[in-house]
Amino acid sequence: MDQESKRVAQKIFFLLFLVAVLPLVVVGVLLPENQTWQSGGVIIGVLCLGIAQYLGMQNVFRLVQSRVSRTERILEANYSKELQEYTKRLETETEKLQETSDFLNSILDSSTEYSIITTGKDGKITLFNKGAERMIGYAADEIVHKEPPTLFLRSPSNKSFAQVGMQIMKYGVDEGEWEVIRKDGQSLRVIFTMTPMRDRNGKMLGFLGIAKDVTEQKKLERQLQDYTENLEKIVEHRTEELERKNVELDDERQTAENRAKELDMINKLSQAISSTIELEEVLGIGAERVVELLRLTQSRLFLLKEGSEELQILYKYDKTTQQSDLNNVSAPLSRYPDFLRAITTTQPVVIDDVQKSSMAPEVKKVFEKQGVSSIMNLPLLSKDGAIGIMMLLHTGDPRNFSVEDLNLAETASSQLAVALKNAQLFRHVVEEKGRIEALVNSSSDGIVMTDKQFHLILINAVAERLFQINANQFLEKHLVEFVDEQKDNLKDFDLVKQVVYQIVTSPEDRVVEEFSLLNPPKTLKLIGNPVLGEKDEVIGHMLVLHDITQEKRLEQMRDDLVSMIVHDLKNPLAGVIGFAEIMSVKMKKRDDMEDFENFLTKILYQANTLHEMVNNILEVHKMEDGSMELQKDVSNLQTIITNSIHQVEMSAKQKDISITTDLPDPLPPVFVDHTKIVRLFANIMSNGIKYTPEQGNIHISVKVQDDEILTGISDTGKGIPLEYLETIFDRFAQIDRKKQGKAASVGLGLYFCKLVVESHGGKIWAESELGKGSTFFFTFPNLLSASKEEDDDELETIVI
């Protein structure tokens, strides 16, 4: 309901309300309070209300009727419009459907090669295209909706059309060869395919059949079959003729193939034995390939010792077992007559049947046991004469070797002989080269060899170690290039460069010079000699590098020893002589007798110093040659340290040097040579006092570890240069006197300490910092350690 209708209805119901209420108000207000009047007033009010209600309903009915009429007119107008649009769309779809139908019909009619036929559910034909009219001869008007396909279709399998229909319903399609009877009575062969037609809901509509005329095709197939049969007869006849000719050609081809195969195997044999120059490999390849080439069972290759008629090498190959064996033999050639005859005549010696040959009976038995029936012996000939024999063996039935077999065997033997001769020459060269290299490498000197153009051809192992190089990286390089690459390791590079220049510019001259390497620090003596040929021409150069480091060190030791004799022994002797002369003078004057004790003390000190030096030399000598035995016993380490301090106490007091200790309490016992260990401590402290300035300090510390006792003796001296820390314990080792500013003794004190410590199973080393002093550490086995079983056993023996 729209807004206008709502307003009209509201007005009507409002008037009805007023009309109904007004009589009731009048009755209640104006009329007296009489029941009759009041009842009459109510009735009048009800009547008025009813009249007003009736009039209102009439107006509402007219209003509703007018609205309904208006709505019906609107609906009729909309329905008419929609009906027109739907009709228009329907006409459009109908036109499209008609166009599609016409298109499909035109396709069906244009297909003249295929006959297309459809049937309805009643079995009557519903579609018969132009192709069907042409093929079958009936017009569509004569057939469609009038006749079933059985009018012209005949099944060759005697199946009814209903049976075929059932099969199509079951499997969905049927295709086969059918007979068609045209309208004119002519019979045709067709391939007929039938499928069911269904609507969108799967409801069966009928059947679709498509037929193709194969009558001409069948005729052509029969003609082709007849032609094929005739052709097969002709081919069979021709084949028989060709077979006869092929037999002849096969024989010729087989002969040619065998010859080509033999030539190929000869070529492969040549390539194989030429691919290596190792004697064993040539023997193996030759023995195996010859057996395959001649279709034999075994081969044996004998090589003669050069310059004699003695067989020395035998190589055997057995094709049956695929095994080969190389043996060194020693047998005279005269023991084998067939071998001797083959070498003497340079012709093969063939034995077609071993048992019928003139061989010795015992030889025949050997070959019979091996199953050998036929043998061919061929000489292996080189330009210098025979080098061996190739023996080819055949097992089984005796074999008559053909001329072709002999030719192949001779060709193979000649090629094998050349390869074996080359392999022998190569072996001689390798052996000779090996001997030369062995001699060169066994030399204790470094050897570098060049050709006449000064290209490196050999660097022995010693030279490799000296220069720390890989020789293979420098072979074929020029000598000058080699020296240039060693520049950083040559202390005297300019000198070496000058020597090499002299060798290159004057190759006939002999050159001798010394130079030094930085790493490893070595002094080498270079001796350059030209290598001369048969006509005294220079064909190369040999540089010998002789390590004279030890010689230089011994020279230095000799100089140091002389210096020691001159200084270290001279000074104490001078002191003894000087003080003795003073005492002699004073004795004559009989004055200053109180200084005698002081002079005697100094004389005793200098004498003890001389005695210590001599003892060091003697004891080191005895310990080196093993003539001095250690007198081990259980000792108190505290007593050892105290005794050693007493030995150096006077020297320390002269320089006002203090000696302090840091010892654990209690100190464990040690199993040592008491005297040697006291001298060990005294030597190290004496060495420290010597190089510690006045008012310095010597400190002794001991630490007890699990299986050893570590002792350290420190001083506050000048310290030891780093480059001497690894050599100060060597024999006659001394620090540069110029750096120390004084004589450094004979150089056996610390060497003696090293021998003592190592003889007790310990280690000794030094640590130092220049300007702050040095510390000498050494260890002894801990007697109380459970791990020292040997010491425990020895201690137990002592205790017992």
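Student: Is His-760 buried or exposed?

Tutor: His-760 is buried, with a relative accessible area of 4%. Buried means under 20% relative accessible area, exposed over 50%, and partly exposed in between, with a 1.4 Å probe and protein chains only. Keep in mind that this is a predicted model: local features need pLDDT of at least 70, side-chain atom pairs count only at pLDDT 80 or more, and totals for chains, interfaces and linings use all residues. Residues are numbered from 1 along each chain as its sequence is written, and side-chain values use heavy atoms, with hydrogens and water left out.

Student: Where does His-760 lie?

Tutor: In the loop between helix H19 (749-759) and strand S23 (764-769). Helices (H or I, at least four residues) and strands (E, at least two) are DSSP runs, numbered from the N terminus.

Student: Which residues is His-760 in contact with, leaving aside neighbours within four places in sequence?

Tutor: Leu-630, Lys-632, Phe-671, Val-672, Asp-673, Ile-677, Phe-780 and Pro-781. Contact means heavy atoms within 4.5 Å.

Student: New topic. What is the strand order in the open sheet of five strands?

Tutor: S14-S13-S17-S16-S15, with antiparallel pairing. S14 and S15 stand at the edges with a single partner strand each, so one side of each has no neighbour in the sheet. Two strands pair if DSSP finds at least two bridges between them.

Student: How many bridges join S16 to S17?

Tutor: Nine, and the two strands run antiparallel. Leu-532 stands opposite Val-538 in S17.

Student: Which strands does helix H13 touch?

Tutor: H13 (residues 493-505) packs on the sheet and touches S15, S16 and S17. Its direction makes about 150 degrees with that of S15. Axes are lines fitted to C-alpha atoms, for helices over the stretch in contact, and angles run from 0 to 180 degrees between N-to-C directions.

Student: What about the phi of Asp-536?

Tutor: Positive, about 60 degrees, although Asp-536 is not a glycine. Asp-536 sits in the loop between S16 and strand S17 (538-547). Asp-536 is exposed, at 60% relative accessible area.

Student: And Phe-454, buried or exposed?

Tutor: Buried, at 7%. Phe-454 also has a positive phi, near 65 degrees. Its loop runs between strand S13 (446-451) and strand S14 (456-459).

Student: Last one. What joins Asn-519 and Pro-520?

Tutor: A cis peptide bond, with omega about 0 degrees. Pro-520 lies in the loop between strand S15 (511-517) and strand S16 (522-532). Asp-665 and Pro-666 are also joined by a cis peptide bond, with omega about 5 degrees.
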